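Try each task before reading its solution.

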Amino acid sequence: MSRFKSLVAMLLALSMLLGVGAMPAMAEETRDDIVIALWGEPSTLCGGLAASSSVNMVSRQIFDTLIAKTEETGVYEARLATEWTWENDNKDLVLTLRDDVTFHNGEPMTAEDVAFSFNTIINAGYADTATSAMDSMEVVDDTHVVLHFQFEYGPALECVSSDYMVIFPKAAYEAAADFGREPVGTGPYKFVEWTTGDRIVLTANEDYFLGEPSIHDVTFRILTDNSVATLALQNGEIDVHTKVPQADVPNVQADPNLQYDETLGNGTTWIIFNFDGIFADENLRLAVAHAIDKEGVMIGAIEGNGEVAQAIYANFVPGYDFEYEGPAYDPELSRQLLAEAGYPDGLELTVKASSNEAYAKPLEIVQAYLADVGIILNIELMESNAWFEDVFKGGDFDLNLVSFNMAMADLEELYALYRGGESQNYGHMDDPDVNAAYDANHTSIDEETRLEAFRTVQHVMGDRALTVPLYTAMNGIAANANLQGVKADQMGNYWVYNWSWAE
């Protein structure tokens, strides 16, 4: 051993004996980045330009709304607007704007930008569930805008605070070849890049008016297979997974490096009918309803981790009638109704279905139940976007399956889907009692009137099998155990700004 090495060894030994002088271990630096699994390829990154939960997951980080709804209390609070008042018999919402907000490109947010954003979204038609009662927005002065409603509107603040009604700069929107692929907002994170089929990268908005985010860099990894995403989480390749398959939950919960939380979610699955065809016959619809064991479908599709649905919306939505039960599982009655509908020897249908597991798996279980009573479904799986455009949106179906995540906990969210004549009523349902209830909810600000409308829709749609609700799934979130602030949200509204790494 060299004289130098001997000296070092002696000094180390002496320092250990004296209890001093040992070199301290280097503290691990707190992370400032995060990787989040995204379950589907978004069509755009601007929430007002598409109705999609994957779009909203990213858009929510980039854009702000004028009003926000708190997760814990459901109270409306200021965001880009500091206050609001009603005028003109509660048909005009006047909002006072913050004067200290800049867009990601450094330009100040103006009243003209705000009005342009709302009018663009209203006219685009993608956010009908939030904008159906909105007429237009106009500038009052430099710090005030007024949103004109067509009538006194009960869920107005719910709609204004939704993920659809985001604010963006007029100049950047008009200059962009595709604003949805190069978004500019006021939110806590700025857009960096989008590699189709792979990832979307954001970085912190250091000038964010609520304060700079704790986590600096955000990457959304596009992982359409949720089981693959679970493996990526367990291997440390990603940090957050919001679509953990129920079969994977026990392993996630047992992993000391991970955390898991869940609550009843906003996603309900149901059977939809096309009323322009054979399912205009109520007996045929009831035959389908009585043929299906909802509990069995829920167990097979999501390992039973949810609640049987008696409405097309989750039971935490105001007005849900917990005492109501729709058509019960009764195969013998189903066969009787099938015969009364003119199909004593059964019925065979081709169903073009989404290949997404959330659609395909429950539909295959429904297929088995229907086969038992003589209704044969020949399922042809399609890529999800093509299915939505060609089959669902195009109305090319007799019956199909819907898995819908409400963006607002309000019956108004479903107005455009099932009110007769509305743009997103793809099955062309036009029931006078349902229409009247939807209209009552749509036009009233009286709370009891609106709650009664909710109950009427639930009862009428169930009794007449206008749809067949199956189940509402849990919303679960799994994450790295060192990530703080992670909590399952009923509406699936996750805001990275609220998270931070343990130091």
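**Exercise 1: a threonine and its surroundings**

Thr472 lies in strand β17, which covers residues 467-480. Keep in mind that this is a predicted model.

Task: Is Thr472 buried or exposed, and which side chain does its own side chain contact through polar atoms?

Solution. Start with accessibility: Thr472 has a relative accessible area of 4%. Buried means under 20%, so Thr472 is buried. Next, look for the polar partner: the side chain of Thr472 makes a polar contact with that of Thr268, at 2.9 Å. Finally, list the neighbours: leaving out residues up to four places away in sequence, Thr472 touches Leu264, Gly265, Gly267, Thr268, Gly306, Glu307, Ala309 and Ala314.

**Exercise 2: two helices**

Task: How do helix α10 (residues 294-302) and helix α12 (residues 357-373) pack?

Solution. Take the geometry to begin with: the axes are 9 Å apart, at an angle of about 140°. That makes α10 oblique to α12. The crossing of the two helices, α10 and α12, is right-handed. Then find the residues in contact: α10 contributes Gly296, Val297, Gly300 and Ala301, while α12 contributes Lys361, Pro362, Ile365, Val366 and Tyr369. Sorted by type, the contact of α10 with α12 has 6 nonpolar, 2 polar and 1 charged.

**Exercise 3: backbone angles in a loop**

Task: What is the phi of Asn88, and what is that of Asn90?

Solution. Recall that most residues other than glycine have a negative phi. Asn88 has a positive phi of about 55°, and Asn90 has a positive phi of about 65°. Now place them: Asn88 is in the loop between β4 (81-87) and β5 (92-97), and Asn90 is also in the loop between β4 and β5. Asn88 is partly exposed at 44% relative accessibility, and Asn90 is partly exposed at 31%.

Definitions and conventions. Residues numbered from 1 in each chain as written. Predicted model: local features only at pLDDT ≥ 70, side-chain atom pairs only at ≥ 80, totals over all residues. Heavy atoms only, no water. Helix = DSSP H or I, 4+ residues; strand = E, 2+ residues; numbered from the N terminus. Buried < 20%, exposed > 50% of the residue type's maximum accessible area, 1.4 Å probe, protein only. Polar contact = N/O pair within 3.5 Å; in protein donor to acceptor, adjacent residues only side chain to side chain. Contact = heavy atoms within 4.5 Å. Axes fitted to C-alpha atoms, helices over the stretch in contact; angles between N-to-C directions. Parallel < 35°, antiparallel > 145°, perpendicular 65-115°, else oblique. Left-handed = near helix turned anticlockwise from the far one by under 90°. Nonpolar A, V, L, I, M, F, W, Y, C, P; charged D, E, K, R; others polar.
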